[in-house]
Amino acid sequence: MVSNTKAQKLSSEDLIAKHDYPFLQSCISRTAIVDNALSLYKPVAKHRVMSNVAQDFVDLVEELLED
């Protein structure tokens with residue numbers, strides 16, 4: 001999970017360019033849905049099945065299973 005801030009971009013660029021740190025292509029969006037699901041102790045997929053965040057998690061799992 002990342003924020004789309006200047007500091008985040010700079011640190012990511014540093015990790016990729018200088019240290020050859022591996023990164024996944026998937027990114028989990030930061031929305032209130034995630035916070036609400038965490039506070040209710042529910043998986044995002046059960047809290048908001050059709051949300052973009054739920055699809056982000058599906059994409060992440062699929063990427064992890066490919067490796």
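Predicted model: local features only at pLDDT ≥ 70, side-chain atom pairs only at ≥ 80, totals over all residues.
Let me begin with aspartate 56, which touches Cys27, Ile28 and Ser29 when residues up to four places away in sequence are not counted, where contact means heavy atoms within 4.5 Å. Residues are numbered from 1 along each chain as its sequence is written, and side-chain values use heavy atoms, with hydrogens and water left out.

Is aspartate 56 buried or exposed? Aspartate 56 counts as buried because its relative accessibility is 14%, and buried means under 20% relative accessible area, exposed over 50%, and partly exposed in between, with a 1.4 Å probe and protein chains only.

Aspartate 56 is found in helix 4; helices (H or I, at least four residues) and strands (E, at least two) are DSSP runs, numbered from the N terminus.

Now let us turn to serine 51, whose place is in the loop between helix 3 (44-47) and helix 4 (52-66). Serine 51 is buried, because its relative accessible area is 11%, and, leaving aside residues up to four places away in sequence, serine 51 touches Ile33 and Val44. A polar atom of the serine 51 side chain also lies 3.1 Å from the backbone oxygen of arginine 48.

Finally, consider the loop between helix 1 and helix 2, where we find leucine 24. Leucine 24 is partly exposed, since its relative accessible area is 36%. How far apart are the C-alpha atoms of leucine 24 and leucine 60? They are separated by 8.1 Å, although the two residues are 36 residues apart along the chain.

Tyrosine 21 has its place in the loop between helix 1 (6-17) and helix 2, and with a relative accessible area of 48% tyrosine 21 is partly exposed.

Definitions and conventions:
Polar contact = N/O pair within 3.5 Å; in protein donor to acceptor, adjacent residues only side chain to side chain.
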